[in-house]
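Hello,

Here is the structure I promised to pass on. Please open it first, then read my notes below.

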Amino acid sequence: MSGIIQVKNVSKSYWRDSIETSVLHDISLDIKEGEFTALMGPSGSGKTTLLNLISGIDKPSKGEIIINGADISKLSESALAKWRSTNIGFVFQFYNLIPVLTAFENVELPILLTKLSKAERKQHVETALNIVGLNDRMDHYPKQLSGGQEQRVAIARAIVTDPVILVADEPTGDLDKHSADEILLLMERLNKEFNKTIVMVTHDPHAASKAHVIRHLEKGDLIQETV
Amino acid sequence: MKIPLKYIMRNFMTRKLTTFITIAGIALVVFVFTAVLMMAFGIQKTLVSTGSDDNVMITRKAANSEISSIIGPDIQNIIRTLPHIATESNGNLIISNEPVVIINLVKNGGGVSNVTVRGVSPEIDKLRPQVKLIEGRMFNWGLRELIVGDAIAKRFPGAQLGSYIKFAGGDWKIVGIFTTNGSGFDSEIWGDAVQLQSAFNRVSTVSTVTLKLDNPENYDSFRKAFIADRRLQQYEPIIEKKYFAQQSEMLSTFIRVLGIFITLIFSIGATIGATITMYSAVANRTVEIGTLRSLGFNRISILAAFLIESLFITIAGGAVGIFLASFLQFFSISTLNFSSFSELAFSFALSPTIIVWSLIFAIAMGFIGGFLPSIRAARMNIVTALRAG
Ligand SMILES: Nc1ncnc2c1ncn2[C@@H]1O[C@H](COP(=O)(O)OP(=O)(O)OP(=O)(O)O)[C@@H](O)[C@H]1O
Ligand SMILES: [Mg+2]
């Protein structure tokens with residue numbers, strides 16, 4: 001059975017001042033549903049770029065990306081936006097919460113794009129905040145939260161639409177060890193308990209050790225897979 | 001628009017100095033804009049309220065103001081023979097044959113200004129019952145006495161109760177002050193038509209004739225009779241209210257056009273201010289824009305969010321400007337009305353239409369000012385925006 005995420009012969013290059021920079025070269029990879037993958041590699045090796053392609057915020061220069069059976073590299077921009085909102089949960093290194101919105105409102109953002117009623121939305125947000133253990137901080141603004149708490153709110157925002165896939169770009173990169181452990185524990189739980197397929201970019205071997213599979217990128221090539 | 005309004009509202013509220021400066025700039029421009037419209041409207045209101053619907057004024061066709069109109073005694077007599085002229089209980093026709101001249105008076109704080117002097121006939125209290133004496137008494141017919149409008153008494157130190165005004169080779173005593181509650185007559189001086197005619201050597205010639213209709217609905221048939229009389233073909237009847245409304249048109253249009261032209265120039269500055277403020281908002285929130293886009297919000301939502309935020313700024317500025325301008329209603333000023341070549345006192349007047357136009361003006365500045373920054377926000381590439389952090 002082929003995986004929920006299939007990257008087939010994908011290349012990506014950027015053009016700047018008519019000079020082509022090749023960032024990913026003919027990458028192929030297959031991630032099974034429910035798998036927890038860590039992407040490792042030195043700075044500039046193309047980890048974020050690969051993650052962006054998988055999550056549908058960037059398009060490959062060559063190749064196909066098939067997620068859940070659909071070739072997302074062929075979707076129009078608006079179809080892709082809609083697809084992202086239901087299929088992908090994003091976790092960023094710097095949490096990327098909206099500072100003027102409370103924890104509740106931040107988590108509510110993605111489901112404003114759905115047809116859910118206000119009451120249903122409230123229920124979803126509370127469930128998500130409950131999973132990350134922050135329902136007592138609903139009315140706090142991001143600046144009233146610790147880094148770890150902010151990242152947990154961001155994770156609640158990522159899972160509130162109940163997406164199949166979570167992508168996380170160095171989710172513990174900005175956290176102290178204690179908070180980082182909490183976040184990793186949460187990721188593991190989301191993977192085991194809620195069967196989320198997770199792709200996590202990290203520099204931290206300890207973080208990567210929580211994953212089932214570790215894939216290494218070097219200068220745009222996939223070099224090694226550790227299971 | 002999927003982005004919640006509270007996101008826009010709170011971003012608007014949390015902003016600092018630059019936003020307030022922008023709001024202040026918009027407020028200033030809208031204040032001037034509103035003030036100009038209030039001024040033009042005030043002049044219109046003053047002059048429109050001067051005439052009555054049931055009075056007909058007769059002028060010489062070629063004349064574009066009362067002072068340049070001339071009506072001789074024969075014509076005055078023919079007019080008296082026309083149908084539908086109201087009569088007093090004693091049978092007298094309610095007609096006022098009015099010589100109108102302009103004299104110079106010294107204003108408060110120096111400077112000379114033109115003032116309209118109107119001679120009126122004894123039926124005047126029936127013709128213009130809105131005239132109320134607030135001080136002194138009515139002038140005596142046959143004497144060189146005058147009554148002055150309260151706007152004149154306020155502005156000209158030489159035109160007080162009991163003082164004498166020199167013109168046409170004589171001294172005229174002011175014996176009363178009248179008001180018509182803010183109409184153009186408040187900026188006039190009235191005396192006995194016959195006295196003024198002789199003082200100005202006009203014999204029996206007057207400027208205009210104003211008469212009251214027995215019923216305003218009879219105007220058309222009065223007009224028919226007037227036109228039918230070939231001896232009157234150089235003259236023209238017009239409803240008094242309409243005459244003064246027309247007189248207001250030139251001045252109010254001039255003020256509007258000039259004022260709007262000037263405020264449009266000011267508004268360029270204020271709009272650029274809004275643009276700069278919004279560009280900096282977009283720059284500061286680049287990562288936020290990338291985040292919203294990755295969550296699935298489309299370009300239109302981003303465009304709308306920033307455009308609405310820009311509208312918030314200018315509508316806030318507009319509201320402040322209109323609010324401040326509304327206090328101008330308590331001020332009355334005077335200007336030279338170049339339809340009558342004389343000084344006209346009026347108050348700034350606000351109307352719902354003016355408020356709507358001022359808000360439209362503010363919204364236009366917000367829309368134009370916020371447009372380019374919003375486009376920039378909407379066009380951002382998600383990956384690039386996210387990397388901006
Ligand atoms: N928009 C772009 N235009 C040009 N070059 C780009 C662009 N985005 C990324 N790159 C280049 O692509 C390469 C890979 O970048 P990427 O961010 O994927 O690396 P990374 O593995 O995530 O690195 P890091 O660990 O520092 O986050 C880098 O050399 C980067 O400079
Ligand atoms: Mg990276």
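In chain B of this predicted model, B:Ala274, B:Thr277, B:Met278, B:Ala281 and B:Val282 of α8(B) meet B:Phe306, B:Glu309, B:Ser310, B:Ile313 and B:Thr314 of α10(B). Contact means heavy atoms within 4.5 Å. By class, this contact has six nonpolar, three polar and one charged residues. Helix α8 of chain B covers residues 240–284, and helix α10 of chain B covers residues 299–326. Helices are DSSP runs (H or I, at least four residues), numbered from the N terminus. The two pack at an angle of about 140°, with axes 11 Å apart. α8(B) and α10(B) are therefore oblique to each other (under 35 degrees is roughly parallel, over 145 roughly antiparallel, 65 to 115 roughly perpendicular, the rest oblique).

Next, the rings. B:Phe167 and B:Trp172 form a stacked aromatic pair, 4.9 Å centre to centre with 5° between the planes. Rings of Phe, Tyr and Trp (its six-membered ring) pair if their centres lie within 6.5 Å, and planes under 30 degrees apart count as stacked. Both B:Phe167 and B:Trp172 are buried (under 20% relative accessible area, 1.4 Å probe, protein chains only).

One more site: B:Thr291 sits in helix α9 (residues 286–295) of chain B. B:Thr291 has a relative accessible area of 0%, so B:Thr291 is buried. Leaving aside neighbours within four places in sequence, B:Thr291 is in contact with A:Phe92, A:Asn96, A:Arg157 and B:Leu386.

On conventions: residues are numbered from 1 along each chain as its sequence is written, and chains are lettered from A in the order in which they are written. Local features need pLDDT of at least 70, side-chain atom pairs count only at pLDDT 80 or more, and side-chain values use heavy atoms, without hydrogens or water.

Best wishes

Conventions. Axes are lines fitted to C-alpha atoms, for helices over the stretch in contact, and angles run from 0 to 180 degrees between N-to-C directions. Ala, Val, Leu, Ile, Met, Phe, Trp, Tyr, Cys and Pro count as nonpolar, Asp, Glu, Lys and Arg as charged, and the others, Gly among them, as polar. Rings of Phe, Tyr and Trp (its six-membered ring) pair if their centres lie within 6.5 Å; planes under 30 degrees apart count as stacked, over 60 as edge-to-face and the rest as tilted. Buried means under 20% relative accessible area, exposed over 50%, partly exposed in between (1.4 Å probe, protein chains only).
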